[in-house]
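Then we'll walk through some of its details together.

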Amino acid sequence: MNVGKILLVAGLALLPAVFVGQILNPAKLGQPPTDTWPTYNGDYSGRRYSPLTQINPSSIHSLALAWMYRTQVGPQRGEPFPEIKSTPLEVNGILYFTIPDHVWAVNARTGEKLWQYDWVDHGGHLIGNRGVGMYGNWLYFLGPDGWFISLNAKDGKERWKVHVADAALQYFTTMAPLVVKNHIIVGVGGDAMDVPGYLEARDPETGALQWRWNTEPRPGEPGAETWPDKGAMEHGGGMTWLPGTYDPELNLLYWGTGNPNPVYAGQGRKGSNLWTCSIVALNPDTGKLVWYFQASPHDTHDWDNVETPVLFDGVFHGQQRKMLAQAARNGYFFVLDRTNGKDLISVPYVGANWAKGVDAKGQPIPNVAKEPKTDGALLNINAGGGTNWFPPSYDPDFGLFYVNAIDGYSLAYLTDTDAKPEGYGGSGRTLWAHSVLEAIDYQTGQIRWCHDFPARGSARSGILSTAGRLLFSGDPSGNLIAWNPGSGDILWHFHLPAAVSNGPMTYELDGNQYLVVGAGDTLYAFQLLH
Amino acid sequence: MFEQNCAFCHGAKATGAEGPDLLRSSIVLHDQKGELLGPFVRKGRPDKGMPAFAALTDAQLYDIAEFLHQRVEDVANRGLYQVQNVVTGNAQAGKAFFDSHCTRCHSATGDLAHVASKFDPADLQAQFLYPSRSAGFFRGGESTGPSEMATVTLPSGETINGRLKYMDDFTISIYDSSGEYHSWPRNEVKVQIKDPLAGHRELLKTYTDADMHNLLAYLVTLK
């Protein structure tokens with residue numbers, strides 16, 4: 001039984017009668033995405049795998065631009081060229097997508113605008129916004145300055161807003177809220193002033209706090225032994241800035257946590273610094289920690305471990321398993337048993353000389369010699385890490401995990417040598433970086449095929465796989481490309497004026513399969529020519 | 001003002017001593033121009049051992065607030081961070097490394113003469129590890145950096161050489177030696193790229209951190 005079927009069954013079981021007639025039927029949240037793409041990742045699994053097949057290797061040569069929608073908001077504070085980093089939701093023929101401070105609803109068949117919501121922020125970074133969450137008739141959006149805002153999906157009118165993070169303390173908020181049952185899960189970001197991370201569940205009707213899980217333990221709690229003192233723990237970072245995933249059958253919420261603070265200067269926080277740079281499994285009803293796996297113990301390289309924890313079932317070395325896979329920013333590909341967090345695979349997919357290898361639990365062991373130094377430490381990974389926020393994909397038809405990876409070299413500097421450093425405390429400087437698309441075998445961690453992009457620069461595009469035996473992503477120079485997922489052969493491409501800047505998504509309406517990508521400030525929709 | 005009145009308890013950098021770290025203070029972080037901090041400092045927190053500074057004028061309190069906001073900016077804005085001394089290696093060992101690894105393409109008295117006067121040490125470190133294509137590390141500081149050169153073989157067998165302008169999986173374009181622009185679909189031509197930085201990428205795989213520090217210590221002598 002594949003995870004899609006499990007999610008479908010569990011989703012239907014949870015369907016309350018009151019939702020009949022509402023815009024988004026909540027059962028859709030647990031189903032493989034076909035006529036609806038109701039969450040950031042399309043479904044709860046994070047696989048970004050669509051069961052649609054109309055666009056396939058035989059038909060793709062008639063795939064053509066159907067419409068485009070240009071956001072036209074112009075330069076934003078600190079961002080001269082705002083990009084669509086959100087993955088649109090598609091519900092009942094309407095697409096809902098964002099850039100920082102703005103939400104749009106457009107007709108999914110034509111690109112016609114229905115409404116636009118504009119938020120006037122008072123602070124926060126406008127580096128990106130990942131999109132909205134949806135529950136029944138309501139949308140959920142985060143302003144950059146810590147405001148959690150609910151909109152009526154029908155007309156974009158604000159229902160209410162509540163403050164979930166304090167921008168004056170240098171928190172900022174960018175993630176797409178994740179809807180799990182009657183919980184709206186909200187995470188936060190902010191590395192500049194050593195504030196503690198947390199994840200919250202909010203009430204869908206009022207925004208009231210249901211629970212808060214703190215990324216750091218409090219003194220006396222389990223995990224406190226991995227920090228030197230209360231002060232380090234209270235200022236330890238560990239942000240929760242990308243949407244996690246959910247297994248309805250196990251009723252576990254999976255989330256990645258960010259780097260500890262101060263980011264590059266670890267001398268004031270000796271210890272492994274739980275639960276930063278970890279994958280955690282939480283009970284979505286209580287926010288209680290069920291298990292954790294720490295991808296970068298005592299991180300000093302800004303290895304936010306927030307990349308999507310992708311859920312799938314399959315055979316691992318002869319045994320049927322419920323798994324979780326992540327291509328981590330620290331350069332390691334991890335496969336865990338998602339029932340208990342036990343490590344199955346920990347293998348670097350790019351250079352990872354910051355680590356000396358892995359321990360008995362499969363967790364990388366940091367190499368002290370490669371920690372940031374005042375005169376620089378040379379790393380065989382670029383300063384932004386092996387990958388970053390752009391979503392990966394898992395294709396169950398091929399058993400391959402796909403990631404837009406970045407090879408490179410960088411220098412890691414320590415700039416704050418104080419016994420009690422503050423802020424970032426150092427910096428990373430990329431020397432050379434080069435984009436590759438990797439297809440990783442989850443049973444071995446070996447790279448089955450790798451597409452080396454000839455263009456300079458980094459591909460920061462998400463990935464979509466489909467049952468139509470296609471893999472979609474972007475290259476650094478603006479090509480939207482379709483590959484054969486098994487061989488890595490290129491089957492189709494279309495040159496856009498900017499590189500694909502979000503995760504491609506797809507849906508079927510009136511018997512037509514659409515493929516939608518954001519590139520720069522514009523959304524592009526493709527369908528087959530008739 | 002801060003030094004005279006506050007540093008004794010809160011430290012010269014305001015990061016805390018006997019008194020709390022002010023850069024992590026909610027009052028400081030919420031204050032804009034002394035409107036929160038001023039009344040607080042005038043009143044003090046006698047219960048926690050902080051005396052009242054009732055005699056401070058508005059202007060003095062404003063100066064203290066400005067100092068603290070600058071300190072927060074210094075810490076929070078990583079664009080302002082300064083890399084410290086990076087010249088820690090052994091210049092003699094660096095010269096030996098240079099002579100054995102770099103002289104096939106470079107000369108300390110030719111293209112790299114005076115290179116240390118063109119870059120500060122931290123930039124020089126990054127530049128020798130992997131030169132920026134626009135920073136003028138090569139050829140005595142010309143404005144154009146090392147370009148990738150392409151040899152394109154057409155279906156007829158004719159070859160055209162030039163400076164690579166653009167290449168993706170589908171298209172290549174070059175400027176030939178006369179400055180003429182050419183472009184072809186990749187699947188109709190054969191392309192060979194010669195990249196002057198290829199040697200730098202190979203060296204990146206082999207440097208120890210000691211090699212890197214030694215080589216920098218040598219290169220900074222090329223004033």
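In which loop does A:Arg48 lie? A:Arg48 sits in the loop between helix H1 (3–13) and strand S1 (49–50) of chain A. Keep in mind that what you're looking at is a predicted model. A:Arg48 isn't a glycine, yet its phi is positive, at about 50°. A:Arg48 counts as buried because it has 30 C-beta neighbours inside 10 Å.

A:Gln72 also has a positive phi without being a glycine, with a value near 55°. You'll find A:Gln72 in the loop between strand S2 (63–70) and strand S3 (89–91) of chain A. Here the count of C-beta neighbours inside 10 Å is 7, so A:Gln72 is classed as exposed.

| Peptide bond | Form | Omega |
|---|---|---|
| A:Asn261 to A:Pro262 | cis | near -10° |
| A:Leu274 to A:Trp275 | cis | near -5° |

A:Pro262 belongs to the loop between strand S16 (252–256) and strand S17 (278–282) of chain A. A:Trp275 is in the loop between S16 and S17 of chain A as well.

**Hairpins and a sheet**

Now find strand S4 (residues 94–99) and strand S5 (residues 102–107) of chain A, which run antiparallel and are joined by 6 bridges. A:Tyr96 faces A:Ala105 of S5(A) across this pair. The hairpin has 2 residues between the strands, and A:Asp101 there takes a positive phi near 75°.

S5(A) also pairs with strand S6 (residues 113–118) of chain A, again in the antiparallel sense, over 5 bridges. In this pair A:Val103 stands opposite A:Tyr117 of S6(A). This hairpin has 5 residues between its strands, and A:Gly111 in the turn shows a positive phi of about 85°.

Elsewhere in chain A there's an open sheet of 4 strands, in the order S11-S12-S13-S14, with antiparallel pairing. Its edges are strand S11 (178–180) and strand S14 (209–214), each of which pairs on one side only. From one strand to the next, the twist averages 25°. S11(A) is tied to strand S12 (residues 183–187) by 3 bridges, and A:Leu178 has A:Ile185 as its bridge partner.

**Inside the structure**

In soluble globular proteins, nonpolar side chains tend to be buried together. The largest nonpolar core here has 181 residues, and A:Tyr96, A:Met134, A:Leu139 and A:Phe401 have the most contacts inside it. Strand S27 (residues 400–414) of chain A gives the most to this core, with 11 residues. Beyond its neighbours within four places in sequence, A:Phe401 touches residues including A:Val310, A:Pro392 and A:Tyr442. A second, separate core has 6 residues, among them B:Ala150 and B:Leu164.

The predictor gives the complex an ipTM of 0.92 and a pTM of 0.94. Chain B has a mean pLDDT of 91, with 95% of its residues reaching 70 or more. Over residues 136–143 of chain B, though, the pLDDT is below 50.

Technical notes. Residues are numbered from 1 along each chain as its sequence is written. Chains are lettered from A and ligands numbered from 1 in the order in which they are written. This is a predicted model: local features need pLDDT of at least 70, side-chain atom pairs count only at pLDDT 80 or more; totals for chains, interfaces and linings use all residues. Two strands pair if DSSP finds at least two bridges between them. A nonpolar core is a set of buried Ala, Val, Leu, Ile, Met, Phe, Trp, Tyr and Cys residues joined through C-beta atoms within 7 Å. A residue is buried if 20 or more other C-beta atoms lie within 10 Å of its own, exposed if 12 or fewer, and partly exposed in between; C-beta atoms are placed from the backbone. Two residues are in contact if their C-beta atoms, placed from the backbone, lie within 7 Å. Axes are lines fitted to C-alpha atoms, for helices over the stretch in contact, and angles run from 0 to 180 degrees between N-to-C directions. pLDDT is the predictor's confidence in each residue, from 0 to 100.
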